[in-house]
Amino acid sequence: MSRVVLPDFPWDTIAEDVALAKTYPGGACDLSVGTPVDPTPEIGKSAFAEAANAHGYPTVWGSHELHEAILGYVTKRWAAPLLTDRHVAPVIGTKELVAWLPTLLGLGPQDIVVIPEVAYPTYEVGATMTGAQIIRASSPSDVAHVCPALIWTNTPSNPTGKVDSIEETIAWIQYARSTGALLAADECYGEFGWDSEPVSILDESLNGGSVEGLLGAFSLSKRSNCAGYRAGFVVGDDSVVSPLVTMRKHLGFMMPSPVQAAMVALLGDHTHVDEQRQRYLTRRTQLIDGLTQVGFTIDNSQGGLYLWATRGESGRDTAHWLAQRGIIVAPGDFYGPAGNNHVRIALTATDSDIAQAVSRLAR
């Protein structure tokens, strides 16, 4: 039996810089990981608690109430066409879907998976698990010579924060359909557009009113500060979603009933999302001011929860420079060779840590 060889876990490679940052007076300001730090909204916690008497097994496909909440959300927020239960499925955190989708689709060494040129590492890991060929691309023109089985897009991007335009989104939809590929769009940061407004592949004005060949992945982790709930879902082509649900039944991929109840409440409320947007916008403004004043350039970063920053040198050197000042960031090469000269700086830190980091930069 052949053994799958996965890349090193990226954060293990910066252990020395992490240790260095922790020696700084006052300790480290960790801006390297995108885990929410703000409270889970009361509306979600209350719904979770009320559903805590979950003595029976939940269904893999999710409750009717959850389906209705998801369909209402994507129709109202992302202009999706009218869809049915067969077009949606809950997932146990979107990372789980990203990692397992190539396997669940039955891909193998004969297949090609296209991932963003600069990408969240799990896209590569998921394809590697199946032995599929991986091609990094920033536009359909980069892969015009191949016929992939699966294409991943990510907007706003993790790590760069780039927001795909309407034209770019349509181009990916048309390319995927022309090659027969499944286009899977990771839109987990969609609620956070700053300099540009994100759009979805589900938008009927972009996809011709059909989700054929399309799969949108969404998460409540960032929009609702409930990463610990592992609350995600997919919406798209029912000829893809239905078989995925069937396979997930066999594999036991069941979202706990209290989490489903919390999702229903959180998807039905946008006030807490607006409040969270304002928190992140304030932190983003402070960080951009602090970084640019000491010579950093911020590239892309029109949306999402990260700043893609450079000092015109190796990202590893920049990460070390920041660690000397007690600030931990992620080197850009975590996300592919094209990220070598950047670092990813997260907005997901407390107000006090953001203020402390800006103060250290000013020194």
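**Pockets and cavities**

α5 contributes the most to the lining of the largest pocket, namely five residues. Helices (H or I, at least four residues) and strands (E, at least two) are DSSP runs, numbered from the N terminus. This is a predicted model, in which local features need pLDDT of at least 70 and side-chain atom pairs count only at pLDDT 80 or more, while totals for chains, interfaces and linings use all residues. Residues are numbered from 1 along each chain as its sequence is written, and side-chain values use heavy atoms, with hydrogens and water left out.

On a 1 Å grid over the protein atoms alone, a pocket is an open set of points with protein on both sides within 12 Å along at least five of seven lines; a cavity is a set where a 1.4 Å probe fits but cannot get out; lining residues have an atom within 4 Å of a point. Points are joined across faces, edges and corners, and a volume is the space filled by probe spheres set on them.

The largest pocket holds about 920 Å³ of space. Its lining comprises 39 residues, with Trp11, Lys95, Tyr120, Pro121 and Thr122 nearest the centre.

The second largest pocket holds about 320 Å³. Of its 16 lining residues, Pro116, Glu117, Val118, Ser138 and Lys162 are the closest to its centre. Here β5 (150-154) gives the most, with three residues.

How many cavities of 30 Å³ or more does the structure hold? There are four.
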